[in-house]
Amino acid sequence: MRVFITGICGFVGSTLAKALLQHRSDLEIIGIDNFIRPGSESNRDALKKIDVKLFHGDLRAPSDLETLPAVDWVIDAAANPSVLAGVDGKTSSRQLIEHNLGGTVNMLEFCKTHRAGFILLSTSR
């Protein structure tokens with residue numbers, strides 16, 4: 001079974017990928033990350049060592065999803081988690097909507113195309 005994890009180099013995505021492979025050796029894990037969050041780059045090497053196939057891309061851009069392989073399940077762990085978006089001066093309300101809503105819509109379309117299951121992990125959406 002092939003599982004696709006968005007935001008795979010973030011804390012949740014990378015932890016989930018490692019745990020899934022520890023419990024199910026028959027899984028193939030692939031993932032996508034845009035590497036804009038601090039610390040996401042540091043998880044890249046550890047994931048590669050356990051044979052996770054990584055793609056650099058942005059869920060806001062449907063064209064970044066066009067060349068991805070078909071999968072059985074998508075676990076959407078990518079998000080802009082800022083509850084202060086548009087207030088703290090670091091992110092904007094528009095970025096929050098584009099990342100969290102637009103990215104999810106693009107992933108749902110990807111799932112429809114590939115007839116894949118979908119799991120949304122989020123405390124901010």
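Three helices and five strands make up the secondary structure here, taken as DSSP runs (H or I of at least four residues for helices, E of at least two for strands) and numbered from the N terminus. Reading from that end, the order is β-α-β-α-β-β-α-β. Keep in mind that this is a predicted model, where local features need pLDDT of at least 70 and side-chain atom pairs count only at pLDDT 80 or more, while totals for chains, interfaces and linings use all residues. Numbering starts from 1 along each chain as its sequence is written, and side-chain values use heavy atoms, with hydrogens and water left out.

**Overall shape**
- The radius of gyration is 14 Å, which agrees with the value near 14 Å for a compact globule of 125 residues; it is taken over C-alpha atoms, and the globule rule is 2.2 Å times the number of residues to the power 0.38.
- Along the principal axes, the C-alpha trace spans about 45 × 30 × 25 Å.

**Burial**
- Some 38% of the 125 residues count as buried, meaning under 20% relative accessible area with a 1.4 Å probe, protein chains only.

**Contacts**
- Among contacts (heavy atoms within 4.5 Å) with a separation of 6 or more, 69% join residues 24 or more positions apart.

**Aromatic pair**
- There is one aromatic pair, counted when ring centres of Phe, Tyr or Trp (its six-membered ring) lie within 6.5 Å.
- Phe-4 and Phe-110 have ring centres 5.6 Å apart and planes at 40°, so the pair is tilted (stacked is under 30 degrees, edge-to-face over 60, tilted the rest).
- Phe-4 sits in strand β1 (residues 2-6) and Phe-110 in helix α3 (residues 93-114), 106 residues apart.
- Phe-4 is buried at 0% relative accessible area, and Phe-110 is buried at 5%.

Methods: Buried means under 20% relative accessible area, exposed over 50%, partly exposed in between (1.4 Å probe, protein chains only).
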